[in-house]
Amino acid sequence: MLRIGVLKEPTDHKLTVLTPSGVERLKGRAVVLVQRDAGRGAGFTNKAYEEAGAELVDSEEALLGGSDLVLSYGHRDLRNRKIEGKTFIGIFNFLWEPGHVDHYLRSGVSVHSLDLIPRSTLAQSMDVLSSVGSISGYQAVLLAAERSLATVPMITSAGGTLRPAKFLVMGAGVAGLQAIATARRLGAVVKAYDVRTASREEVESLGATFIEVEGAVDDKSAGGYATQQTEEFLERVRQRIHEEAAAADVVITTARVPGKRAPLLITEDMVMGMKPGAVVVDIAAATGGNCALTEPDQTVVRNEVTILGPTRIESSCAYSTSFLLSNNYTSFITYLLDHQEKLSEDPILSATLVVQDGHSVNQRILALQGTGK
Ligand code: NAD
């Protein structure tokens, strides 16, 4: 029977991509090996994995040695490990790091990167980016609320009335919409901006105000994603956002463009115009950040404004993120086992397949490698 191995994530990542219920879901289709303590940071004990039917393995080396199919969250440096003949499944983000593909160009190795899953109805249950985005947006609001000097909801008490906090959310994709929903639940007054005007309705349905800036490039062929905008347009957006940022208590930025540096939306000048005590949470920090002052995983204070750039924010809700990812991964694995005969014709499998039998085969990634990115 097929042997699936679950690698323990590095210590700065508390999550796992397969929970004990994921192990049960794969029963009958594969033997599951789990590296000892792989689920510990997310609240899943070794005992729970054993009870679900997994075999525990003590080291990364033993896990790799015993598995045909290896699961991890992100890219791992396995240059000194024997990985020939294995298939790797993870969220490898090759669009931003195409050079990492070279690590897998070895005899018989195949790699599926789940961040390349198409945004189609068929692939919805495998959509890892939605899972990570939802948790990140939620967590960004909690982080901001915790750092803020003021309460979020309107509170009336004997000492007077505290007005509700004003939130500005930049980017209204999965993460931005979840940030809006969470901020609204806490009682904030929320405004949001996205370059995709199609998101206006979603923003408004959550009770937030959509900020309109005319003239965005809307590429219908981009699969619902944003396309890179001209510098002239981005400057117009910055002028408009300047006023909004000055009035906000919290700014949450989530804007990304697949394979490109995150657009610069909050300039240093805007931060200088913000209120003392205001908070910026920039969850696009891992791809360059939307705020000019963002330092990945650092707290920057400028003009009494706190700027946070967490790059692994989804890891702080490790149980919930792992729960969602495990469902995404098991859906993908089940689909792969059912459709692997037609790998190159299948719309989901051909989109995620980056390395096949040791060769780089994905056109999107090859195009980036060709540009030396
Ligand atoms: P993402 O993480 O790539 O980007 C986040 C948001 O940033 C996007 O809404 C994008 O438009 C916005 N953005 C980019 N450049 C910007 C700029 N200069 N200024 C302001 N905002 C900017 O996106 P995502 O959250 O993964 O969602 C991308 C699309 O995929 C959305 O249309 C979403 O509705 C869609 N989606 C579809 C499915 C499905 O059909 N199964 C699932 C999830 C998401």
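Axes here are lines fitted to C-alpha atoms, for helices over the stretch in contact, with angles running from 0 to 180 degrees between N-to-C directions. This is a predicted model, in which local features need pLDDT of at least 70 and side-chain atom pairs count only at pLDDT 80 or more, while totals for chains, interfaces and linings use all residues. Residues are numbered from 1 along each chain as its sequence is written, and side-chain values use heavy atoms, with hydrogens and water left out.

Let me begin with helix α7, residues 231-247, which lies across β9 and β10 and runs at about 160° to β9; helices (H or I, at least four residues) and strands (E, at least two) are DSSP runs, numbered from the N terminus. Strand β9, residues 166-170, pairs with β10 in the parallel sense over five bridges, where pairing requires that DSSP finds at least two bridges between two strands, and Leu 168 stands opposite Lys 191 in β10.

Both strands belong to an open sheet of seven strands, ordered β11-β10-β9-β12-β13-β15-β14 with mixed pairing. Because β11 (209-210) and β14 (299-302) stand at the edges with a single partner strand each, one side of each is left without a neighbour in the sheet.

Now to the loop that links β10 (189-193) to α6 (200-205), where we find Ser 199. At 0% relative accessibility, Ser 199 counts as buried, meaning under 20% relative accessible area with a 1.4 Å probe and protein chains only. Setting aside neighbours within four places in sequence, Ser 199 is in contact with Ala 172, Asp 194 and Phe 210, contact being heavy atoms within 4.5 Å.

Key: Buried < 20%, exposed > 50% of the residue type's maximum accessible area, 1.4 Å probe, protein only.
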